[in-house]
Amino acid sequence: MKQLNNTLAGLRGFLALSVVIYHIYGSAVLEKYITGFSEDNILYAINYAGPISVNLFFVISGYLILKSLTTKSSIWQFFVDRILRIYPVFLTIHILVFSIGPVIGYKWMDKIAITPYIVHFLTNLLLLPGMFNFPIAQIVAWSLSYEAIFYLIAGSLFFVWHKSIINSYLKYTFLILTTVICILIFYFRPSALFFLVGVIVFLYESTMKRWFKPHKIFYLSGIIAFCLLYLSYDLQIFSTAASLVLALLLFITIIAEYGLLSTILRLRLIRYLGRISYSLYMWHTMVMFPLKKLMGKISLYISNPSILLLIYAFITITLSIIVSHLSYTYIEIKLANRLRALWYRDKRVKTASLHTKYPS
């Protein structure tokens with residue numbers, strides 16, 4: 001697959017950092033790990049950073065997954081690459097949470113019986129919480145449930161539609177069935193609609209680039225679209241449809257790589273955060289868990305809530321980036337590449353053996 005443009009890579013980093021800041025605010029202010037803030041505080045505006053960022057991540061996925069589907073040699077390669085993209089980091093944290101969680105009384109795992117333990121272990125392993133009403137072990141992993149459903153729908157539809165041995169009647173039947181399933185998902189989980197924005201961007205990228213010509217009048221268009229998108233959540237003055245349109249307008253500037261927003265997102269630090277964005281998204285709440293307990297002890301010596309919040313934010317962001325860098329290097333890259341090499345080597349061995357036993 002063609003490498004991400006620098007603006008899109010930077011956007012992933014910006015969104016991941018926004019989710020971290022959102023959870024810092026949520027735990028410190030809303031969960032009262034740091035006292036002295038009221039919910040009408042100006043910091044309350046951060047409360048919308050999380051939902052906006054995740055929805056924009058869905059747009060990125062809708063765009064990139066279709067791009068990936070068109071470049072893979074087979075549908076199985078697509079699914080294997082998706083599994084190896086998600087599961088190494090997810091499974092590492094999954095095992096960690098279910099190993100330590102019952103011991104330390106983590107959330108609903110406190111004094112959990114063996115049967116519900118096994119059930120919740122498997123439902124979380126299969127990424128069911130988020131789409132379905134199951135207790136979730138990794139609070140950020142709910143979005144992976146949306147991702148997994150999109151992978152299955154997009155991959156299956158792509159496979160059926162391009163398989164010549166499947167007749168047109170079955171193809172259209174499958175298309176109708178898939179459409180009904182998607183409508184139900186969109187009805188019960190409206191955030192999934194943002195995947196469609198990414199799909200539209202992928203399908204009409206060339207047209208959008210021809211239409212969007214670099215010009216001074218468009219220099220602030222990305223910033224304006226982002227601010228209006230934020231206001232649509234903050235002031236609740238726009239409908240979901242308006243938010244989808246604003247997300248589309250925002251992504252036109254992203255794929256065109258023009259304007260002030262693009263210039264900011266192409267900064268080296270932001271692009272670096274983009275590289276480690278998945279690990280940063282998955283690990284930061286794990287880093288925050290012990291820090292939330294630590295803040296209670298620090299508050300015995302520092303009473304100013306603003307200073308406490310700055311300390312908490314600085315430590316959280318710094319440690320999260322360090323952990324995410326290690327996760328990206330050793331789990332996302334080295335471990336995933338080793339697993340990928342084993343998978344394809346094993347597949348080649350089996351294929352060679354099959355051809356030897358049953359020569360053509």
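**Close-up 1. Tyr117 and Phe121 in helix H4.** Tyr117 and Phe121 lie four residues apart in helix H4, so about one helical turn separates the two; helices here are DSSP runs of H or I with at least four residues, and they are numbered from the N terminus. In this predicted model, local features need pLDDT of at least 70 and side-chain atom pairs count only at pLDDT 80 or more, whereas totals for chains, interfaces and linings use all residues. Residues are numbered from 1 along each chain as its sequence is written, and side-chain values use heavy atoms, with hydrogens and water left out. A search of the whole structure finds 23 aromatic pairs, where rings of Phe, Tyr and Trp (its six-membered ring) pair if their centres lie within 6.5 Å, with planes under 30 degrees apart counted as stacked, over 60 as edge-to-face and the rest as tilted. Tyr117 and Phe121 form a stacked pair, at 6.4 Å centre to centre and with 25° between the planes. Tyr117 is partly exposed at a relative accessible area of 22%, and Phe121 is also partly exposed, at 24%; buried means under 20% relative accessible area, exposed over 50%, and partly exposed in between, with a 1.4 Å probe and protein chains only.

**Close-up 2. The ring pair of Tyr219 and Tyr258.** The ring centres of Tyr219 and Tyr258 are 6.1 Å apart and the planes meet at 75°, so this pair is edge-to-face. The pair links distant parts of the chain, 39 residues apart, with Tyr219 in the loop between helix H8 (205-211) and helix H9 (221-234) and Tyr258 in the loop between H10 and H11. Tyr219 is partly exposed, at 35% relative accessibility, and Tyr258 is partly exposed at 22%.

**Close-up 3. Glu257 in the loop between helix H10 (240-256) and helix H11 (260-265).** Although Glu257 is not a glycine, its phi is positive, at about 55°. Glu257 is partly exposed, with a relative accessible area of 30%.

**Close-up 4. Lys111 in the loop between helix H3 (75-104) and helix H4 (114-125).** Lys111, which is not a glycine, has a positive phi of about 55°. The residue Lys111 is exposed, with a relative accessible area of 78%.

**Close-up 5. An aromatic cluster, and a charge over a ring.** One aromatic cluster is formed by Phe58, Trp142, Tyr146, Phe150 and Phe195. The charged end of Arg82 sits over the ring of Tyr151, at 5.4 Å from its centre, a contact that requires NZ of Lys or CZ of Arg within 6 Å of the ring centre and within 35 degrees of the ring normal.
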